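Please look through the sequence and the three-dimensional structure shown here before reading on. The paragraphs that follow lead from the chain as a whole to its sheet, and then to its helices and a few single residues.

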Amino acid sequence: MINTSWHFSCACVVSHVLDRYIALLYVILPLIHIEDKLPAMEKLTQIAHNVFFTLKDKSPEAQQKLVEACQKYLSGHPGCVFFAAGVLTEELNRPVNDRDFQVALHVVFDSLESQNAYQVAERHVQFIEENKENWETVRVFDSTVGS
């Protein structure tokens, strides 16, 4: 005669163990491939340096003069992978647009070290000295970005 209560008891234990094992797999499996996710995180090594200038003299001529000074003194620094300078786009006037500036500078560096060197570079310091008289406000937004 077969003891059915013993078989039922074993089946319950096996079922319980399998449930725990499956739950554990849900936790462990995503961790097994975590190294696949690391290269994407490592790509976040570039530094975006965005500067927005509000000028005292807001004339188009003063804006153009500052854009030209940005191009002369702030482009071509070691480690610079992207450079752009320009003026506020008048046509983009949505409620979310911050329009409290006239000239924008966008520089992306390959590393924090390159950005730090840029900050003390002679041409950068000269740019500040020659142009700061017409700055009402300067806002700087630095962030770590990737490609």
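**A walk through the fold**

Of the 147 residues in the protein chain, 26% are buried, where buried stands for under 20% relative accessible area, exposed for over 50%, and partly exposed for what lies in between, with a 1.4 Å probe and protein chains only. This is a predicted model, in which local features need pLDDT of at least 70 and side-chain atom pairs count only at pLDDT 80 or more, while totals for chains, interfaces and linings use all residues. Residues are numbered from 1 along each chain as its sequence is written, and side-chain values use heavy atoms, with hydrogens and water left out.

The protein chain holds 5 helices and 4 strands, and along the sequence these follow the pattern α-α-β-α-β-β-α-α-β. Both kinds of element are DSSP runs numbered from the N terminus, helices being H or I with at least four residues and strands being E with at least two. Among the contacts in the protein chain with a separation of 6 or more, 78% are accounted for by residues 24 or more positions apart; contact here means heavy atoms within 4.5 Å.

Strands of a sheet pair through backbone hydrogen bonds, either parallel or antiparallel. In this model 4 strands form an open sheet in the order β2-β3-β1-β4, with antiparallel pairing, and two strands are taken to pair if DSSP finds at least two bridges between them. The edge strands are β2 and β4 (135–145), each of which pairs on one side only. On average, neighbouring strands of this sheet are turned by 10 degrees against each other, direction ignored. Helix α3 packs on the sheet and touches β1, β2, β3 and β4, its direction making about 170 degrees with that of β2. Helix α4 (residues 112–120) also packs on the sheet, where it touches β1, β3 and β4, and its direction makes about 35 degrees with that of β1. For such values, axes are lines fitted to C-alpha atoms, for helices over the stretch in contact, and angles run from 0 to 180 degrees between N-to-C directions.

Strand β3 (residues 103–109) deserves a separate look. β3 is mostly covered, since 6 of its 7 residues are buried. Strand β1 (residues 46–55) runs antiparallel to β3 and is joined to it by 7 bridges, with Ile-47 standing opposite Phe-109 of β3. Strand β2 (residues 80–87) is likewise antiparallel to β3, and 7 bridges join the two; here Phe-83 stands opposite Val-107, and Cys-80 has Phe-109 as its bridge partner in β3.

Which residues does Leu-105 touch, not counting those up to four places away in sequence? Leu-105 has its place in strand β3 and is buried, with a relative accessible area of 1%. The residues it touches are His-49, Asn-50, Val-51, Phe-53, Cys-70, Leu-74, Phe-83, Ala-84, Ala-85 and Tyr-118. Leu-105 and Gln-71 are 34 residues apart in sequence, yet their C-alpha atoms are 9.4 Å apart in space.

Asp-98 is partly exposed, with a relative accessible area of 43%, and its C-alpha atom is separated by 9.7 Å from that of Leu-88, 10 residues apart along the chain.

The helices also pack on one another. Helix α3 (residues 60–74) and helix α5 (residues 122–131) pack at an angle of about 160 degrees, with their axes 9 Å apart. That angle makes α3 roughly antiparallel to α5, because angles over 145 degrees count as roughly antiparallel, those under 35 as roughly parallel, 65 to 115 as roughly perpendicular and the rest as oblique. In this contact Leu-66, Ala-69, Cys-70, Lys-72, Tyr-73 and Leu-74 of α3 meet Arg-123, His-124, Gln-126, Phe-127, Glu-130 and Asn-131 of α5. By class, the contact of α3 with α5 has 6 nonpolar, 3 polar and 3 charged residues, where Ala, Val, Leu, Ile, Met, Phe, Trp, Tyr, Cys and Pro count as nonpolar, Asp, Glu, Lys and Arg as charged, and the others, Gly among them, as polar.

α4 and α5 pack at an angle of about 50 degrees, with their axes 5 Å apart, and are therefore oblique to each other. Tyr-118, Gln-119 and Val-120 of α4 make this contact with Glu-122, His-124 and Val-125 of α5.
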